[in-house]
Amino acid sequence: MYKWKVNYFVDLALFLSALGVALSGFIPWLILPAGRYGRQAFAPTFIFSRQEWGAIHRWLVIVTVVLVLVHLDLHWDWIAGMTRRVFGGRDKLR
């Protein structure tokens, strides 16, 4: 597979997982009210319960972190080169 295709699919998966992290964090915070003293008498749901949203959120965070590490690995040569160019001596931008 071409390198650009790998980059594209890793970046697409990273975007989707980050979007999932945001949604799974905002839904319990904005839509599902917390119960009194940590308990919910009538446990409202929005597709999933508050606890299930928390589990989904945690798993998506793990997936996102792994994809960020893969993304950094794929682009490490560019990151190192740009860092040397910006902060280095002889290849500095003018």
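**Aromatic surface and helix packing**

W4 is exposed, as its relative accessible area is 57% (exposed denotes over 50%, buried under 20% and partly exposed the range in between, with a 1.4 Å probe and protein chains only). The structure is a predicted model, in which local features require pLDDT of at least 70 and side-chain atom pairs count only at pLDDT 80 or more, whereas totals for chains, interfaces and linings use all residues. Residues are numbered from 1 along each chain as its sequence is written, and side-chain values rest on heavy atoms, with hydrogens and water left out.

The protein chain contains three helices and zero strands, and its pattern along the sequence is α-α-α. These elements are DSSP runs numbered from the N terminus, with helices (H or I) of at least four residues and strands (E) of at least two. Of the 94 residues of the chain, 17% count as buried. Among contacts (heavy atoms within 4.5 Å) with a separation of 6 or more, 56% link residues 24 or more positions apart.

Helix α1 comprises 29 residues and spans 41 Å from its first C-alpha to its last, close to the expected 42 Å at 1.5 Å a residue. The expected span is 1.5 Å times one less than the number of residues in the helix. The buried residues of α1 are N7, V10, L14, S17, G20, V21, S24, I27 and P28, and their cover includes α2. Helix α2, formed by residues 50–74, has 25 residues and reaches 36 Å between its first and last C-alpha atoms, close to the 36 Å expected at 1.5 Å a residue. Its buried residues are W53, G54, T64 and L67, and α1 is part of what covers them.

N7 belongs to helix α1 and is classed as buried because its relative accessible area is 14%. When residues up to four places away in sequence are not counted, N7 touches L74 and H75. V6, also located in helix α1, is partly exposed because its relative accessibility is 30%. The contacts of V6, leaving aside neighbours within four places in sequence, are with M1 and L74. Although V6 and L74 are 68 residues apart in sequence, their C-alpha atoms are separated by 8.9 Å in space.

Residue I31 also lies in helix α1 and counts as partly exposed, with a relative accessibility of 45%. Beyond its neighbours within four places in sequence, I31 is in contact with F26 and F46. The C-alpha atoms of I31 and T45 are 8.8 Å apart, with the two residues separated by 14 positions along the chain.

Aromatic pairs were then examined. Two aromatic rings are described as a pair by the distance of their centres and the angle of their planes. Four aromatic pairs were found in a search of the whole structure. In one of these, the ring centres of Y2 and W4 are 6.5 Å apart and the planes lie at 10°, so the pair is stacked. The pair Y8 and F9 is edge-to-face, with 5.3 Å from centre to centre and 75° between the planes. The rings considered are those of Phe, Tyr and Trp (its six-membered ring), paired if their centres lie within 6.5 Å; planes under 30 degrees apart count as stacked, over 60 as edge-to-face and the rest as tilted. Y2 is exposed, with 56% relative accessible area. By contrast, Y8 is partly exposed at 49%, and F9 is likewise partly exposed at 48%.
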